[in-house]
Amino acid sequence: MKWSGSIAIKITGVGLAILPLVMSGVTMDPVLMPRFTFLAVLLFIVSPFLLLEKGRETPVLAFLRSTQAIPFYLFLVTAIVASFNAINGVEAIYGIGKEVLFFLFMLTLIHALAGKEERIYILVKAIVIAGSIISGFGIIQLVQVFLQSTDAQDLYIVRSTMAHRNLVVSSLVLALPFLGFGTYYFKKLWKIIAGLALISSSLLIGLLQSRTGWL
């Protein structure tokens with residue numbers, strides 16, 4: 001079914017767009033476990049659609065057989081070996097599960113996007129929305145800090161939809177190439193949204209002084 005891959009990438013796009021809004025006040029970390037769980041459910045939903053897609057070579061197998069996959073194999077093996085000396089076995093299993101989840105999610109995107117330019121635009125738009133959400137909440141919190149305090153230490157309050165300031169900056173740094181792509185290639189409303197997100201993200205990256213993000 002040739003349409004199944006398009007459905008899968010649209011579902012994935014919606015999931016990535018709203019991912020910054022997924023959080024919980026019940027867990028110790030308000031975003032970590034809820035978002036990993038959300039990604040796992042999203043992967044479970046889109047996988048059947050990709051398995052139904054016929055009439056093309058499997059790009060995932062081509063990737064897994066290529067030398068490009070070697071760094072990812074080494075990363076997974078290192079994570080597994082490092083877990084042998086973990087003090088908390090549950091946390092070690094969780095860490096491995098997290099890395100495997102991201103690896104499987106990457107393979108899903110490779111399969112869904114390979115040779116399909118229109119699907120890439122869907123993914124970019126999703127990240128533009130996610131970047132707009134993160135930077136939008138960040139700018140609002142930044143303005144609140146400037147109105148209430150002159151102490152630079154209060155910038156730690158700016159967490160947007162993340163658990164820490166460094167994570168805000170890191171996520172925006174990762175989104176910058178997609179925001180730049182959208183600003184350059186998109187038209188009309190999407191161009192404006194991507195441009196505003198690019199400006200606000202760059203402003204937050206500069207003002208929040210996160211060395212982790214800068215590095």
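This briefing covers a helix pair, the nonpolar cores and one serine. The model is predicted. Its largest nonpolar core holds 26 residues. Helices α7 and α8 pack against each other at about 150°.

**Helices α7 and α8**
- Helix α7 spans residues 165-185, and helix α8 spans residues 188-207.
- Their axes lie 8 Å apart.
- The crossing of α7 past α8 is left-handed.
- On the α7 side, the contact residues include V169, L172, V173 and L176.
- On the α8 side, they include K191, A194, L198 and I205.
- By type, the residues of this contact split into eleven nonpolar, six polar and one charged.

**The nonpolar cores**
- In the largest core, the residues touching the most other members are L16, L39, F105, L109, L123 and V128.
- Six helices, α1, α2, α5, α6, α7 and α8, each supply at least two residues of this core.
- Helix α2 gives the most, with six residues.
- F105 touches T12, L16, L39, L42 and L43, leaving aside residues up to four places away in sequence.
- A second, separate core has twelve residues, among them L142, M162, L204 and L208.

**Serine 47**
- S47 sits in helix α2.
- S47 has a relative accessible area of 27%, so it counts as partly exposed: the range for that class lies between under 20% (buried) and over 50% (exposed).
- A polar atom of the S47 side chain lies 2.6 Å from the backbone oxygen of L43.
- S47 and Q68 are 21 residues apart along the chain, and their C-alpha atoms are separated by 23 Å.

Note on methods. Residues numbered from 1 in each chain as written. Predicted model: local features only at pLDDT ≥ 70, side-chain atom pairs only at ≥ 80, totals over all residues. Heavy atoms only, no water. Axes fitted to C-alpha atoms, helices over the stretch in contact; angles between N-to-C directions. Helix = DSSP H or I, 4+ residues; strand = E, 2+ residues; numbered from the N terminus. Left-handed = near helix turned anticlockwise from the far one by under 90°. Contact = heavy atoms within 4.5 Å. Nonpolar A, V, L, I, M, F, W, Y, C, P; charged D, E, K, R; others polar. Core = buried A, V, L, I, M, F, W, Y, C linked by side-chain atoms within 4.5 Å. Buried < 20%, exposed > 50% of the residue type's maximum accessible area, 1.4 Å probe, protein only. Polar contact = N/O pair within 3.5 Å; in protein donor to acceptor, adjacent residues only side chain to side chain.
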